[in-house]
Every structure is written in C-alpha cells, then in structure tokens.
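I opened a new notebook page today. Here is what I looked up, one entry at a time.

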Amino acid sequence: MEPFISLSFIFLFLHYPTLSLSTNSEGNALHALRSRLSDPNNVLQSWDPTLVNPCTWFHVTCDSNNHVIRLDLGNSNVSGTLGPELGQLQHLQYLVLYRNDFTGKIPEELGNLKSLISMDLYDNRFEGKIPKSFGKLKSLKFMRLNNNNLTGSIPRELTRLTDLKMFDVSNNDLCGTIPIEGNFESFPMESFENNRFNGPELKGLVPYDFGC
Amino acid sequence: MRLIRIKHSAMASICMCHFILQLAIVFTVVVPPIVDSNTDSYWLLRIKSQLIDPLGALKNWSPTTPICSWNGLTCEVDQTRVIGLNLSGSGISGSISHEFSHLISLQALDLSSNLFTGSIPSELGQLQNLRILLLYSNYLSGVIPSEIGNLSKLQVLRLGDNMLAGEITRSIGNLSELTVLGVANCNLNGSIPVEVGNLKHLVSLDLQVNRLSGFIPREIQACEELQNFAASNNMLEGEIPSSIGSLKSLRIMNLANNSLSGSIPSSLSLLSNLTYLNLLGNKLNGEIPSELNSLSQLQKLDLSRNNLSGSLTLLNIKLQNLETMVLSDNALTGSISSKFCLTGSKLQQLFLSRNKLSGRFPLELLNCNSIQQVDLSGNRFEGELPSSLDKLQNLTDLVLNNNSFTGSLPPEIGNISSLKSLFLFGNFFTGKIPVEIGRLKSLNTIYLYDNQMSGSIPRELTNCTSLTGIDFFGNHFSGPIPETIGRLKHLTILHLRQNDLSGPIPPSMGYCKRLQLLALADNKLSGSIPPTFSYLSQISTITLYNNSFEGSLPDSLSLLRNLKIINFSNNKFSGTIFPLTGSNSLTVLDLTNNSFSGSIPSILASSRDLTRLRLANNYFTGTIPSELGHLTELNFLDLSLNNLTGHVPPQLSNCKKIEHLLLNNNRLSGELPPLLGSLQELGELDLSFNNFHGRVPAELGGCSKLLKLSLHHNNLSGEIPPEIGNLTSLNVFNLQRNSLSGIIPLTIQQCTKLYELRLSENFLSGAIPVELGGVTELQVILDLSRNLFSGEIPSSLGNLMKLERLDISFNQLQGQIPHSFSQLTSLHVLNLSHNHLHGLIPSTFSGFPLSSFLNNDHLCGPPLALCSEETVKERMSLSNAQVAAIIVAIVLTSTLICLVMLYIMLRIWCNWIKVAISSEDGVMVEQKTRNGEYWNMNSPEWFPSPDKQNSSTTCICNPKIDAEARENTLVR
C-alpha cells in the first residue's frame, strides 16, 4: 500500500507562532496601510516592518522622539483604501495623500489624529461621508478634500475647529447647506463649488442636511 | 514512504531466498535450457542486454544458469514458464523494453523503485496473464498507455511517483478485477475518469499530488469495496458528491488541498467504517453537519482551512474513537458545547485556532483527559483560566494566544508536569508568573508576550531547565533578570524587550551557551556587558537598545563569530567598538547615541551582508574607511554626529543599494565626490554641517529617487547645477549657509514634489525666478533669506497656496508686495524685512508682526504706520479702471445710505417731536453706529468683510509666529 496519510497534522505544528517582531504601533499601523495598497511604483518598498520604528522608511518623517509626524504619499500612483489603523498615528501632523487612486470611505478613526495640522486627501476617489469625528481634530488648520466622490452634508462638528484656515470640499457630491458658523464664515465660495449644496445655512429656517 | 518500500523489497528478497533454495534442490534434474526465441530466457537475456545494472542484480542471468534460478524470477511449478519478475529496488536504469511483452505467462511484474526512464511501452498490454504491475518510484515519463486497459486480469496497478503526464486513460475502466490503483505523485492532468465506477472490486484508489481537475465523478459510488480514497493535492473542484456516502467500506478519505466547494454532504455520516477524514485546504462552506457525529470509528478529522461557519456541533462524546480534531482556520462561531468531552475520551489533539469561537475557557475540555495538545489561538475566548486546568495531566501543548483571556495564571499550572509549550501571548493576562511554574521540568517554550503581566520574573523559572524559548516582550515585568538564568543551558531565545526590568545583566547569562537571540531592549537595565558573554558562541542577535548600559565592551566579545544583528543604540556604552567586529556575518550594526570613541574599524567591511551600519551620535574620530565601499548590500549608512575627518571616500559609490547616506555633523572636508550621483537607490543624502568645499556636483541629478538632499552649512561654492531639476521626487532641498552664487536654476520648477526649500545664507543673486511659483507643493518653508536677490518679487509666488512659511528677508528686493500674495492663505510665518520694498502691505498681512516688514524702503499700512495719501494713490494707480468703478460704487452706495438714513432720522425726529421726551441725543448716535454692522445682511456677499477675516486667521497662529520669528533671528 502506498502511504496515504498526509502530513497535514504535522504541518499545523509548524504554524506555531514565532517570536514577536515589533511593538511599534505606528510602524504596525503604517504597515497595515501598506498591505491595503497597490503600489506599482514601489514607493513603499522601504517599509520594512521588522525595523524598530518606521522612522527610516521613505515618505515617513518622525520627530526627535521617533513619532511619525508626516506621511507623504502625494502623487505616488498608489491605490486602495484607508483603514482604521491610521488613527493610531497620534503624533501625525501632515497626512499627505493627494492625487492618487484612493477609494472607499474616509475612516472615522482619522478623527483620532489629535496632532494633525494638515489633511490633504484631494484628487482621489474617496466616497461616503465626511466623518463627524473630524470635529475632534483640534489642531487642524488645512483640510483639503476636494475632487473626490464624497456625499452627505458637511458635519456641523467641523464648525468647532477654531484653528481651521483652509477648507476645500469643491468638486464632490455633497449636499445640504453650507455652515456659516465658526471659521466657516471666512472660507471662500470656491471651496464649496461643484457640489449639490443648497446655499449657505439660514439658521432656524431649514435643517442643514436639507435636500440630502 | 521510503520505509514502506524498503519493507516491500525486503519481503520480496526473503521470498526469493526460499525460492532459490528450492531450486537448488531440484537443480540437478533440470536440463540446461536451450536458447531460442520461443523461450522466456531468450527474451530475458535480450532485456538484460538493454539495461544498466550497476549493482549486479542480473548477474546470474546467463544461458548457462537454469532460468528458474535467475535472480528475481518466479517460475511456474513445472519450471517451464516465468510467472513472476521482481527487480524492485535493484538500482537498474534504462528504459522498460517493449520485449517484456513476450513473457506471456507473466503474472506479476515489479520494476518499482529503480531508475527506469522513458515511457511505459504500450506492448505491456499484451501480457494477458498479468495480475500485478508495479512500476512506481521510477523516472518514467509520457502517458499511461491505453493498452493497459487490455490487461483484463490485472488486480494491482501502481504507477505513482513517476513523471507521468497526460490524462488517466479511460480504458482503465476495463480492468474489472482491479483492487489497487495507485498513480500518486505524478504530473497527471484532466479529470478523474468516470469509468472508475466500473471498478467494482477497487479497494484503494490513490490519486494524490497530481494536477487533476474537474469534479469528483458521482460514478465512484459504484466502487462498493473501496476502503481508501486519496485524491489530495490536486485541483479538484465542485461539490463533494453526496453519493460518496454509499461507499460503505470506506475507511480513509483524503481530499485535502483541492478547490472543492459547497457544503460537506451530510451523507458522509453513512461511512460507518471511516477512520480518517481529511478535507483541509478547500473552499467548503456552510455548517459542519452534525450528522458526522455518527462516525463512531473516526480517529482523525481535519476540516481546517475552509470557510466553514456556524457553531461547533461535533462532540467527542459521540465520536468516541476520535484522537485528532483539526478545525482551524474557518469561521466557526459560538462556544464549545458543555457535552464536548466525557471521561475516557481518546481525544489527543484539538485544534480550533483562528475561528470566531467565543465564551470562557471551555471547562468541558477538562474532561478530555487524554488530551495532549489544545490550540484555541486566534479566537474570541475570554475570562480567566480555570484553576482546575491541572486535570489535563497529559497536556504537552497549551496554545491560547491571541484571545481575550484575563486574570492571572493559576498556580495549578505547575501541576501539569507534561507541559512542554505554553503559548499565552496576545491576551490580557495580568498578575505575576506563579512560582509553581518552576515545577515544569519538561517546559521548553513559554511565550507570554503582549499581555499586561507584572511583578518580577521568578527565580523558580530557571528551574525549568528544559526551556529553549522565553518571550515576555511587551509586559510590565519589573525587578532584575534572575541571577540564576545561567541554569537554562538549552535556552536559545530570551526575549524580554519592553518591560520595566532593572539592574544589571547577570554574569551567569553567559552560561546559556545555546543562546541565539537575546533581546533586552526597552527596559531600565544598567551596568555593563559581563565578560562571560564571550561564551555565547551561538548568538546571532543581541538587542539592548533604549536602556542605561554603560562601560566599555569586553574584548572577549570578539569571540562571538556568529553575530548577525547588534543594536545597542541609546545607551551609554563607551570605548572602542573593535570587540564587535569578530563576526563577518553582521547584517545590522546599530550603535546610535552612545559614547563610543576611537576609529571606525575597516574590518567591518568583512561582513559582506551588512545592510545597516548606524554609528551616529558617538565620538568616533579618524576617517571614513574606504573599505566600506566593499559593502555592496549596504542600505543604510549613518555616521552623522561624530568627529570624523578627511574626505568622503569615492569608493562609497560602489554601495549601489544604499538608500540613506548620512554623514552630517562631522568635520569632513574636501569636495563632494561626483560619483555619488551613480547611487540610483539613494533617497536621503545628508552631508550638512561639515567643511565640504567646491561645487555641488551636477552628477547628483542622477540620483533620481532622492527625496531629501541636505548640503547645508558647508563651504560649497559655484552655482546650483540646473541638473537639480532632474530630481523630480525631491521633497526636501537644503543648501542653507554655503557660499553658492549665481541664480536659482529655472529647472527648479520640475521638482514638483518639493515641500521644503532652503537656499538662505548664500550669495545667490539675480531675480527670484518666476518658475518658483510652479513648485506648488511648497509647504514647510521657502527660505531665500540672506542672499543677494534683486528685482521685484514675482507675483507667481502667490500660487504657493500651501506655503506656511516664507522668508525672503535680507535681500535687495524692490518694488511692491505682489497683490497675488493675498492668496497665500496658509502662510503663518512671513519675513520680508531688510529689502527695498515699498508700497502698501496687503491687508491680509496686517496680522503679521512688525518684524516681518522692518527695514524696507517705504512699506506702509498695518502693522506698520498708515500710508500717506501718495502711497495709497500710487497703489491705486495700478488698476485705474477698477478703482474708478469702486469709487463710483462707493459714492452711489453711500448716497443711497445717506438718503435712507436721512429718511429714517426724519421719521424718528418726527416721532420724537410728537412724544416730546426730553432726552440727550448722544445715546441715539451710539446705537446707530452699532446698528451699522448689519449692513452685511443686505449685502450680496454672505461673508463678513475681508478685514475681519484677516484678524481671525492671524490670531490662530500667533504663538507659533512668535516662536518662528525668534528662530529666524537666531540663525546667524
């Protein structure tokens, strides 16, 4: 008789976990991002998860405490989706993802980036709503979401962002009314162009998501 | 597999011995055979002549020897015809001759386990008496000839372990007497022929490890005597036919690693003799049919790596003979049934890893008292481990990692004396390691990483002298490493990174002589490396970074010849690093941020696989060894922040894979080697803060992947080469504080990804190029200050919408601040001071501090003094038509307002006259002024006035501005 019992059981033991590789949550978060992306130009080639931290990865900048403060993937021909793990980059100041082929929703968890100063997501194919959680981005000064496929209304939580200097959602599919409170009183008309807005908010007359 | 074959041939040779003995007895009466073409001997000798027989298996095949005494032959009782030929395992090579077909009485032909090549001759189909044909384990190629189907008496056909290709011939269905069909480990393709269903007496069908595709034929149900059906490792697809349930004799079914889909047919429960069922690695979905519980003979069950869902319905109390259950890598949910096990269970292995099972640790499992291996990893189990865990007295492997278990380890774990592997990582365990752990004499692996455990590492752990692996990384263990650690003579892995351990490394650690990986990083350890470390001759990885180690390295460390990865960064080590150069297998050497001194040993270059060499922030002196140029695998070279002198060795340009080259903050001198431009992978080049002179080599434009180029704070002179424009990926470019002259090359506009550009403190001249306005990603800073730039500020700079800091101070710029600058909405630091600018400061800049504008010719407006009439006029004259229109508009509007107000006042006045209240007029005036704000409501715009907008934007970043301004003034 030829041997017929496969060795599958034995193989299972080889599955046994090896050593823990790294703890750096920021590196893990970025590596999780990488695993979601298609990267034909190999811009993420240097993202080696076995390194102690991601500070020597290209397109990643750290501060002197080895915390990630910049992620520069603008115009890099990457595609795919963002995941919740990006929200772990607690020290991130610049999230630069413009002019790529990012799709899917903008994760709610980006609202946890409490150090974020600038969010450049323009010129992609993001869809779904602008997360309400963005109202927690207390340090945010520049938010560029223009030229995507975003829908829904502008969350009123954004009017609480007292540092916001630049807000651009033009060329999306947003609806409802445009807030006029907080810093929104200073953003130019062009920031809202080419959407399905019903014009500026008229307090007490219509709900802000009227027509959505 | 081989073992079985050897047994086979041994048995055969024993039989053969008997036979030869018998022959010897009758030998004298047998007449020597006459050689003619009608005899078997004639054909056998012809066959022999075509074979290569290095072991002499056919040595006694000669005309002078009676044929029935020839090795491997079996004759008929009447000694006339050959009925059996067995040359198995004789080391014979050559092809299988078609002349075998002349041995017409042959009933058994066994050529297995030789070195036969070529194809199976179709003429074998003429052996009408053949009952057994064994050709397995050769190097036969080609197809299975359809003539095989003519062997109508064939009972055993085994062709496996060859290189046969093509389809399984359909004529196989003619072999109605066949009991064994084996074609495993070939290269067969096509589908399983439906004619298999004709083989009514088939007992064993082995098709494993081929490239068979298509469905499993339903017709197989007709093989009622089938006991073994093995078709694993093929590309079979479709559903498992439920008709398989009628194979009542089946004992073994192995369909692993195919692409079978659909659900598991409940009819499998009819296979009452089944002892082995393996469906791993398919695409099966749906629930596991609870009917399978009736397979009372089943001993081994593997359904892992499918998409099975639903709850775990299989129960050991029904599957009483089950020894192994593997359901890992599915999507099973729910908890383990309380009836899972009964005392007396035979279950030895239970693998449920990577499902979605939940609930507390299944107490039911404690009844499985034969159990040896439990793997519940990668599920959603929670709660504490039961203290009665020690009921499992045969347990060797407890694998509970990656769940949500909480609480502390029960001390009773020390009673499971058979325990070898304890995998509890990736849970929420707290508390101390119980000292009872020291009773586990068989324990060889304990992985507790990624938990919340605390307390000290008990000295008793070092009683577990079988330990080979300890991983406690990512807990809160404190106190010292046990002094007695050296008792663990078999330890190969000690991973204690990221805890709160303190104190020194115990000298006894050097006696863990098998140690290969030592990771003590991210703790509060101190002291120096004990000299006993030189005994760790097997060690390949030592990571001690982020501790407070100090002192010099023991010389004897140079005995460690297998070191591959060393990371001592962020400690206080001092002295020379020569003791670390004993190995020529280094791949990573990171000593960043210590107090090492002396020179960089050129012998480091003998580690040809070195990829990362990081010696930054130490006190290294001397030159950069040119031998580093031999390191062709080098990816990261960081020698920054030392006291290195001399030149950059041009040999470094041989390190073609280098991505980071950081030599900044040394005392290096000479010119920059143009060959650096050949480093195609270079992403970061930092040569700043040295004494380099000469030109910026134009060849650097060849480093097309360069992202950061930092040459600042040197003595570089000459012009900025226009080849810089080839660096289209460049993000950061810094030439600050050199002696560069000439103009900014217009090619700079091709560096479209530049977000930081510093050219300050040089002798650059000419106009600021209009093209700079095309670098629209400029964001962090554009610093052109302290140069000799002249002419007007190009209005194109107003396109830099993302720019946050702009410094063009200390130049000779003239003219006015361009209107377009009002678009610089991201700007929060601005310095235009010390130029020859004049005219009105744009109102959008009124929030910047005074220092942003000081020392110009005639700048005016907030925050400087208000402009004189002339200045305003001059400003306005730029757009006469617009101004005219605006004036007309203002005049008209104000006239209108005046009229309206006049009307209102008249009305009010009239009313007052009527009521005749004697009150003063001042209140009224004030009210009106306040009411003046409401004009916005009526205006066509729904934004407030531009002035208001500015005040709000500037106050956002006022604190920052002050800080930045201070920074700027401190540069020189």
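First, a term: helices (H or I, at least four residues) and strands (E, at least two) are DSSP runs, numbered from the N terminus.

I noted that this is a predicted model, where local features need pLDDT of at least 70, side-chain atom pairs count only at pLDDT 80 or more, and totals for chains, interfaces and linings use all residues. Residues are numbered from 1 along each chain as its sequence is written, chains are lettered from A and ligands numbered from 1 in the order in which they are written, and side-chain values use heavy atoms, with hydrogens and water left out.

**Entry: record spans**

I checked UniProt, whose positions are given here in the numbering of this model, with shortened feature names and annotations that may be inferred rather than shown by experiment. An unreviewed entry lists "domain: Leucine-rich repeat-containing N-terminal plant-type" at residues 38-75 of chain B. I found 26% helix and 8% strand in that span of chain B, with its end C-alpha atoms 16 Å apart.

For chain A, an unreviewed UniProt entry puts "domain: Disease resistance R13L4/SHOC-2-like LRR" at residues 71-170. Residues 71-170 of chain A are 0% helix and 28% strand, and their end C-alpha atoms lie 23 Å apart.

**Entry: helix α2 of chain A**

Which residues of α2(A) are buried? I used buried for under 20% relative accessible area, exposed for over 50% and partly exposed for in between (1.4 Å probe, protein chains only). My list is A:Glu26, A:Gly27, A:Ala29, A:Leu30 and A:Leu33. They cover an arc of only 160 degrees around the axis, which puts them on the same side of α2(A); the arc is that of the directions from the helix axis to the C-beta atoms.

**Entry: salt bridges**

I counted a salt bridge when a side-chain nitrogen of Lys or Arg is within 4 Å of a carboxyl oxygen of Asp or Glu. Over all chains, the structure holds 20 salt bridges.

One of them pairs A:Arg70 with A:Asp72 at 2.9 Å, N to O, and both residues are buried.

Another joins A:Asp101 and A:Arg125, with the closest N and O atoms 2.7 Å apart. A:Asp101 lies in strand β6 and A:Arg125 in strand β8 of chain A, so this pair ties together parts that are 24 residues apart in sequence.

Next I looked at B:Lys802, which forms a salt bridge with A:Asp120 (closest N and O atoms 3.1 Å apart). B:Lys802 sits in the loop between β56 and β57 of chain B and A:Asp120 in strand β7 of chain A, so the pair joins two chains. Both B:Lys802 and A:Asp120 are buried. A network of salt bridges links A:Asp120, A:Arg144, B:Glu777 and B:Lys802.
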